[in-house]
Structure formats: C-alpha cells, structure tokens
Amino acid sequence: MPRDEDSQRKVGSQADSQTQREAEIERLAGEIGRLIQASDIKTREELAEIANSLLREQGLRMDPAAVDNQIITDARRRPLNPLAAGIGLIMVGAAVTLVVPFVGLTLAACGVLAAF
C-alpha cells in the first residue's frame, strides 16, 4: 500500500503546484494589467500587444515533452475536416457550374466524394 500513498501524494502535490502556478500567473497578469493601465493612454494598446506577443512567444517555446507528453495544438493549425472540405468544394463547384458547367460539376462531385 505504500505505492498507493506515494501516488496519491504525488497527485496531490501536482494539483497543489498547478494551483500555485495558476495563482502566480493570475497575479502576474494582474500586475501587467496595472502597469499597462498606469501608462500613457496613447501607448496602452501597443503595450498590450507587446505583452500578448511575449506571452504567446513564451508559450510556443515550451517543450511539449515537459508537459506530461501532452501536445498543445493551436486550433488554426489543425488539419481541415474532410466534411468541411467537401462542403466547400460543393459550394465552389456550384458557383463554377454557372460559368463552366463541366468543371463545376466535377468540383461538386469531388466535394460529394470528400464529404461522404
């Protein structure tokens, strides 16, 4: 049973450290916000953009293996869903059919194949 106690202790300490990290991040974000609000009105937006880009840059520098082997993906970098691609081809094919019927129908047929 010592293994169970050790694993529970590790899980508890990880949760505590995660909570502490979140609290520290919230504190630092609040401090950044206060500094931006205390700055000149003309430079607030620029400072906010700089802070945002720095945070993004630091997040991208993270080693995915360091986060319990969880891969962090950006929604904009995910591959396109075949259903969405098929619907897009159907719509483009329908529009092109008005100008060049054979090409438009071929595109729409490819869209139907991709969607199903």
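What pattern does the protein chain follow when read along the sequence? The answer is α-α-α-α, with four helices and zero strands in the chain. Helices (H or I, at least four residues) and strands (E, at least two) are DSSP runs, numbered from the N terminus. Bear in mind that this is a predicted model, where local features need pLDDT of at least 70, side-chain atom pairs count only at pLDDT 80 or more, and totals for chains, interfaces and linings use all residues. Residues are numbered from 1 along each chain as its sequence is written, and side-chain values use heavy atoms, with hydrogens and water left out.

**Confidence**

- pLDDT is the predictor's confidence in each residue, from 0 to 100.
- The protein chain averages 78 on that scale, and 70% of the residues score at least 70.
- Confidence is lowest in α1, with a mean of 75, and highest in α4, at 90.
- Where pLDDT is low, the predicted coordinates should not be read in detail.

**The chain as a whole**

- Take the contacts (heavy atoms within 4.5 Å) in the protein chain between residues at least 6 apart in sequence: 20% of them join residues at least 24 apart.
- The chain's accessible surface is about 10,100 Å², and carbon and sulfur atoms account for 62% of that; areas come from the Shrake-Rupley method with a 1.4 Å probe, and for residues only the protein chains shown count as cover.

- Searching the whole structure turns up two salt bridges, each being a side-chain nitrogen of Lys or Arg within 4 Å of a carboxyl oxygen of Asp or Glu.
- One joins the side chains of Glu24 and Arg27 at 2.7 Å, N to O; both residues lie in helix α1 (residues 2-38), three residues apart, or about one turn of the helix.
- The other joins Glu31 and Arg27 at 3.3 Å, N to O, and these two, also both in α1, are four residues apart, again about one turn.
- Put together, Glu24, Arg27 and Glu31 are linked in a salt-bridge network.
- Each member is partly exposed: Glu24 has a relative accessible area of 36%, Arg27 has 42% and Glu31 has 34%.
- Side chains of opposite charge can pair when their charged atoms come close.

**Ser39, between α1 and α2**

- Ser39 sits in the loop between α1 and α2 (44-60) and is buried, with a relative accessible area of 17%.
- Its side chain reaches the backbone oxygen of Ile36 at 2.6 Å.
- Leaving aside neighbours within four places in sequence, Ser39 is in contact with Arg44 and Leu47.

**A nonpolar patch**

- Leu98, Val99, Val100, Phe102 and Val103 make a nonpolar surface patch of about 570 Å².
- Patches are made of residues with over 30% relative accessible area and no salt bridge, with like charges joined within 9 Å and nonpolar side chains (Val, Leu, Ile, Met, Phe, Trp, Tyr) within 5 Å.
- Val99 is found in the loop between α3 (82-97) and α4 (101-115), and counts as exposed at 66% relative accessibility.

Technical notes:
Buried means under 20% relative accessible area, exposed over 50%, partly exposed in between (1.4 Å probe, protein chains only). A polar contact is a pair of N or O atoms within 3.5 Å; within protein, one must be able to donate a hydrogen and the other to accept it, and residues adjacent in sequence count only if both atoms are side-chain atoms.
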